[in-house]
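Subject: Structure handover

Hello,

The structure we talked about is below. My notes on it follow; please read them with the structure open.

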Amino acid sequence: EDSSLEQVLAPATLRKLQTYLDDNGLELDQFKELKPSMIATTLTLIELRKLGVDSTGVDAYFFKKAQRDGKTLLALETVEQQLSFLSRMGQGLEDMMILQTLEDIKTLESQFGDMLASWRRGDLERLEEFFIAPMKQDFEPVYQQLLVTRNQTWLPRLKAFLDTPDTEMVLVGSAHLAGEDGLLNLLEQSGYRISQLD
């Protein structure tokens, strides 16, 4: 409410954003009401859509399946919490975030096949290379906010699931699984044994 893109982005960054939008048949006015974190997310989604990725992911598939099967559905956080994380992501680093996103999407197409194959194999080391290492290096506050804090918040809930006689299935984004601050490592450090399924 109290700022505009012109106030938080350097003129050169704004020009690069404008060029990208022009090249994709989009108007800057469509994005002026969004925070840079939401613009960065939207640009990535635009590029993923070009690669044939739509919004129907694994989570949507299992959500619908659970509904059909009459399963109990729970969430690790509310929609409001998710939106809050996304809207606060990269505060103070808005210019850098837009520039980095514009750079990253240039290589998305060439790396996407490897990313997808790594995800399908459950190759946590490779996923860490793709998602965790660059975020830690370039955006440590975002890494802490988006992954570390949320993983630590979720951990007691996951442990509580494991202490019940029921069988729960938990779906999280793959970036939450990999690395030293990932959920799998945190569970192992808590004494749980992790087994990867084929």
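Helices here are DSSP runs of H or I with at least four residues, strands are runs of E with at least two, and both are numbered from the N terminus. This is a predicted model, in which local features need pLDDT of at least 70 and side-chain atom pairs count only at pLDDT 80 or more, while totals for chains, interfaces and linings use all residues. Residues are numbered from 1 along each chain as its sequence is written, and side-chain values use heavy atoms, with hydrogens and water left out.

Overall

The protein has 9 helices and 0 strands. Its C-alpha trace spans about 55 × 35 × 30 Å along the principal axes. Of the 198 residues, 30% are buried (under 20% relative accessible area; exposed is over 50%, partly exposed in between, with a 1.4 Å probe and protein chains only). Contact means heavy atoms within 4.5 Å. Among contacts between residues at least 6 apart in sequence, 68% join residues at least 24 apart.

Helix α3

Helix α3 covers residues 36–50. The expected span of a helix is 1.5 Å times one less than its number of residues. For the 15 residues of α3 that gives 21 Å, and the end C-alpha atoms are 21 Å apart, which agrees. Its buried residues include Ile39, Ala40, Leu43 and Ile46. The buried residues of α3 pack against α1 (5–8), α2 (11–23), α5 (79–88) and α6. After α3 comes Gly52, with a positive phi near 90°.

Salt bridges

A salt bridge is a side-chain nitrogen of Lys or Arg within 4 Å of a carboxyl oxygen of Asp or Glu. The structure holds 10 of them.

- Lys32 pairs with Glu6, with the closest N and O atoms 3.1 Å apart. This pair links distant parts of the chain, as Lys32 is in the loop between α2 and α3 and Glu6 is in helix α1, 26 residues apart. Glu6, Asp29 and Lys32 are linked in a network of salt bridges.
- Arg150 pairs with Glu77 at 2.3 Å between the closest N and O atoms. Arg150 lies in helix α8 and Glu77 in the loop between α4 and α5, so the pair ties together parts 73 residues apart in sequence. Arg150 counts as buried because its relative accessible area is 11%, and Glu77 is buried at 10%.
- Asp114 and Arg126 meet at 2.4 Å, N to O. Asp114 is in helix α6 and Arg126 in helix α7 (residues 124–138), 12 residues apart. Asp114 is partly exposed at 29% relative accessibility, and Arg126 is partly exposed at 26%.

Two serines

Ser118 lies in helix α6 (residues 94–121) and is buried, at 0% relative accessibility. A polar atom of the Ser118 side chain is 2.8 Å from the backbone oxygen of Asp114. Leaving aside neighbours within four places in sequence, Ser118 is in contact with Asp123, Arg126, Leu127 and Phe130.

Ser174 is in the loop between α8 (140–162) and α9 (183–189). Ser174 is buried because its relative accessible area is 18%. Leaving aside neighbours within four places in sequence, Ser174 is in contact with Trp119, Leu127 and Phe131.

Regards

Key
Polar contact = N/O pair within 3.5 Å; in protein donor to acceptor, adjacent residues only side chain to side chain.
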